[in-house]
Amino acid sequence: MLARLFGTADLTLEVHRQASQSGAPSESIFQLGCVIAACAATTLGAVVLRGVLDPVNLVMIYLLTVVLLTIRFGRAAGVMASFVAVLAFDVFLIPPYNSLTVADTEYVFTFMIMLVVSLIVSTLTASLRQQFFLSHTRERTTQALFGLSQALSGAATRDDVGQTGIRHLRLLFPCDAYLLFCDQQGMLHPPAGVARPGTELQAAAQRVFDCLPSGKVGNHGIHVGNVGYLPLQAPGGAQGVLILSMQSSDTTAEHERMIQTAAAQIGIAAERAQLVDEARNRQLAIESERLRNSLLSAISHDLRTPLTAIAGMAGSLTEPIPLPDSLRSDLLQAIQSNALRMNAMVQNLLDMAKLQTGQVVLRSDWQMVEELVGGALAHLGSALCHFQVDIDIPPALPLARFDAILIERVLCNLLDNCAKYAAEGKYIRITARTEPGMLLVAVQDRGPGLPTGLEWEVFEKFARGQAESTTSGAGLGLSICRAIIDAHHGRIWAESLPEGGSRFTFSLPMAPAPQLEEAPDGL
């Protein structure tokens, strides 16, 4: 059986022959023939040398033959060779020759010692031979199981575990192997990408799995004919059932241990993949709940405030008491300002939803950075009217390829963020430069700077620089910036400046700008 399971290795075949002790008649006859032939050849050589060497020295030749036969064929052949060697030594090398009688009775003692030594040597040799074969087989088994364990360690999902397990099982055991994993209801299903067992095999495996809690089926599983059903045990409970359909029901203890070890490794890997998947789902659920609470908080606070203000100012305009023209104009401007503020917040929410679902398609084209900065400043003209804006862009800055609308939105959000947190009268600095393979654009202010340790967290959704801030906003502007820059395969980061304030920088990959063709003469 082991010969089929581990290939055509002669060593494994010999171990199985020693373990099974089957003693097939044809094999025994072949071994007996080899023993007689080897002893006959040894006797022929000894007859040639009997006039040169003492009979006692010729005994060593027979002992060597016994050792070689034992190494080649095993203990039974060694025992047969011991008796045949003593008989041949008596008949052909002890006078009178060609007779069982001996002229000197001392040779009887020699025969006894020779037989005992031959039997001891053959027994020890056979034992060493079997230990060598077993150690070699166990080494192969350990290497195979290590390969299975190493492959399973890289499996991220249950389907990956199933595909890896089936592939290695069929390499270890050339037989039909099937894996069935249980779901939350305790029903067995094959992993994706592997062969399904027959209806009868799957039904039998389900019965075996259902009997595991009652203890009717142990960890060793059960065998029905040539089919074995082994539970995939793990610390958290059985993860499924392994089905092995073999050509013969004859197995050895070594074989059984190897199968159980492989099944245990697959079960542990399946449980690990399930726990990782459950942890990922819990993390997603926690993140979704956090985002939902943040969104509700943003809507309830940042949208309700301008709505309340608009409602109050609109109510003042509808009062029958006439209002001065200057006050009426101020109220209308305040209504417009709060409406624009609400519109910006809703637009941020919609943009973030589109970016997360991948609905935004980049329309990249060659653009001038100066036009990008000019468009952003024009868009935020009223918000930046109280700030000194310093622009540092080299005249020879090359063209860059990006989506102008989205990158302008990034720059607008960064400038709007500076306008919210920097004190009025302070300056805002916009710089642009190139480095090998990238364009760097930075927006710097002289505000309070970023809280220590929050340089990366400010780009998270609904993140605010302060937990309880009176500054309006839902905390989506910087998150949208990061999503847009990521879509352009760039980077964005923030840092606090030693002299005070903060600097937000984003980078975009640069490609060689197209060369403009010169106009023909005369045009």
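Student: Which helix is Ser82 found in?
Tutor: Ser82 sits in helix H5. Helices (H or I, at least four residues) and strands (E, at least two) are DSSP runs, numbered from the N terminus.

Student: What kind of model is this, and how are residues numbered?
Tutor: This is a predicted model, in which local features need pLDDT of at least 70 and side-chain atom pairs count only at pLDDT 80 or more, while totals for chains, interfaces and linings use all residues. Residues are numbered from 1 along each chain as its sequence is written, and side-chain values use heavy atoms, with hydrogens and water left out.

Student: Back to Ser82. Buried or exposed?
Tutor: Ser82 is buried, with a relative accessible area of 0%. Buried means under 20% relative accessible area, exposed over 50%, and partly exposed in between (1.4 Å probe, protein chains only).

Student: What is Ser82 in contact with, leaving aside its neighbours within four places in sequence?
Tutor: With those neighbours left aside, Ser82 is in contact with Val66, Leu115, Ser118, Leu119 and Ser122. Contact means heavy atoms within 4.5 Å.

Student: And how do H4 and H5 pack?
Tutor: Helix H4 (residues 55–73) and helix H5 (residues 75–93) pack at an angle of about 155°, with their axes 8 Å apart. That makes H4 roughly antiparallel to H5. From the H4 side, the contact residues include Val66, Leu69 and Phe73, and from the H5 side they include Ala81, Ser82 and Ala85.
Tutor: Axes are lines fitted to C-alpha atoms, for helices over the stretch in contact, and angles run from 0 to 180 degrees between N-to-C directions. Angles under 35 degrees count as roughly parallel, over 145 as roughly antiparallel, 65 to 115 as roughly perpendicular and the rest as oblique.

Student: Left-handed or right-handed, that crossing of H4 and H5?
Tutor: H4 and H5 cross in a right-handed way. A crossing is left-handed if the near helix is turned anticlockwise from the far one by less than a right angle, and right-handed if clockwise.

Student: Now H12. How do H12 and H13 cross?
Tutor: The axes of helix H12 (residues 404–421) and helix H13 (residues 477–487) come within 9 Å and cross at roughly 150°. H12 and H13 are therefore roughly antiparallel to each other. Their crossing is left-handed. Among the residues making the contact are Ile407, Val410 and Leu414 of H12, and Ile480, Cys481 and Ile484 of H13.

Student: What about H11 and H12?
Tutor: Helix H11 (residues 369–379) packs on H12 at an angle of about 55°, with the axes 9 Å apart. That makes H11 oblique to H12. The crossing of H11 and H12 is right-handed.

Student: Where does His489 lie, and what is its phi?
Tutor: His489 lies in the loop between H13 and E11. Phi of His489 is near 60°, a positive value in a residue other than glycine. His489 is exposed, with a relative accessible area of 70%.

Student: How many bridges join E10 to E12?
Tutor: Strands E10 (residues 438–444) and E12 (residues 502–509) run antiparallel and are joined by 7 bridges. Ala442 stands opposite Thr505 in E12.

Student: And how many helices and strands are in the chain?
Tutor: The chain has 13 helices and 12 strands. Buried residues make up 38% of its 523 residues.

Definitions and conventions
Two strands pair if DSSP finds at least two bridges between them.
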